[in-house]
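Colleague: Before I build on this model, I would like to hear how each label attached to it was reached.

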Amino acid sequence: MKLKINKKKFVYLISPNKIYKNFFRDLRLVLENKKISFFQLRLKNYTFRQKVSIGKKVKAICKNNKVKFLINDDPVLSYKLDADGCHLGQKDMHIEEARKIIGKKIIGITCHNSIVLTKRAIKANASYIALGAFYPSKTKKIKKIANIKILNKIKRYTKIPIVAIGGINSENYKNLLLNKANFLAISGYIWKNKKYKPLEALKKLK
């Protein structure tokens with residue numbers, strides 16, 4: 001699926017690892033702010049049945065706010081929930097197999113800091129590529145570091161949308177947008193911010 005790029009809706013929001021008590025309320029408030037194009041459900045320590053239950057609630061909130069709903073790692077769960085697509089890491093199912101499950105919906109591919117992986121994803125007709133990590137992150141262990149030089153190099157030879165990932169917050173996000181990252185994947189800054197509540201944190205991304 002070809003993605004529409006809206007410069008005002010540059011946030012690609014990823015769920016917290018744990019669904020806390022007021023999560024659904026906070027999600028509604030955050031998505032109503034109109035800065036978010038995508039919401040990715042990324043849950044590692046839940047059963048498939050739990051993910052389906054949570055996913056149904058999240059999907060309804062996303063739909064009400066015209067936000068694309070994606071599933072991390074799992075095309076089968078994406079199909080089960082009739083989500084807008086899924087995101088695949090390099091160790092997940094191959095994009096060709098995922099297409100057999102979810103058809104022409106959105107499939108994004110993690111390409112770390114690799115031009116070789118980016119070219120493979122483009123050749124496989126990925127909907128977008130994710131590059132990073134650009135900054136230190138507490139959300140997940142960082143094994144690959146990307147930089148602005150890599151971002152600029154990739155932007156010169158392809159128009160495929162690029163999602164920048166890794167430790168993005170209100171102090172560093174503008175540099176990525178100025179260097180033409182199309183979307184910014186954000187999680188910990190919104191959900192684990194010790195200074196601001198989720199909606200307050202989002203509003204700092206002006």
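This is a predicted model: local features need pLDDT of at least 70, side-chain atom pairs count only at pLDDT 80 or more; totals for chains, interfaces and linings use all residues.

Modeller: Residues are numbered from 1 along each chain as its sequence is written, and side-chain values use heavy atoms, with hydrogens and water left out.

Colleague: Why is serine 78 called buried?

Modeller: Buried means under 20% relative accessible area, exposed over 50%, and partly exposed in between, with a 1.4 Å probe and protein chains only. Serine 78 has a relative accessible area of 1%, so it is buried. This serine 78 sits in helix H3, residues 75-81, where helices (H or I, at least four residues) and strands (E, at least two) are DSSP runs numbered from the N terminus. Setting aside residues up to four places away in sequence, serine 78 touches Ile71, Ala83, Gly85, Cys86 and Ile102, contact meaning heavy atoms within 4.5 Å.

Colleague: Is proline 198 buried or exposed, and how do you know?

Modeller: The relative accessibility of proline 198 is 12%, and therefore it counts as buried. Proline 198 belongs to helix H9, residues 198-203, and, apart from neighbours within four places in sequence, is in contact with Tyr20, Asp26, Val30, Ile190 and Trp191. Between proline 198 and leucine 31 there are 10 Å in space, C-alpha to C-alpha, although they are 167 residues apart in sequence.

Colleague: What makes E1 and E2 a pair?

Modeller: Two strands pair if DSSP finds at least two bridges between them, and E1 and E2 have four, in the parallel sense. Isoleucine 14, for example, stands opposite glutamine 40 in E2. Strand E2 (residues 36-41) is mostly covered, with six of its six residues buried. E2 is also joined by four bridges to strand E3 (residues 68-72), and these two run parallel; phenylalanine 38 has lysine 68 in E3 as its bridge partner.

Colleague: Which units are called right-handed, and what does the word require?

Modeller: A crossover is right-handed if, with the strands pointing away from the viewer, the path from the first strand over the helix to the second runs clockwise. The β-α-β unit of E1, helix H1 (residues 23-31) and E2 is right-handed, and a right-handed β-α-β unit is also made by E2, helix H2 (residues 48-64) and E3.

Colleague: What makes lysine 34 and lysine 66 worth a remark?

Modeller: Most residues other than glycine have a negative phi, and most peptide bonds are trans. Lysine 34, in the loop between H1 and E2, has a positive phi near 70°, and lysine 66, in the loop between H2 and E3, has a positive phi of about 55°. Lysine 34 counts as exposed because its relative accessibility is 52%, and lysine 66 counts as exposed because its value is 73%.

Colleague: How is the peptide bond from glycine 132 to alanine 133 described?

Modeller: That bond from glycine 132 to alanine 133 is cis, with omega near 15°, and alanine 133 lies in the loop between E6 and helix H6 (148-157).
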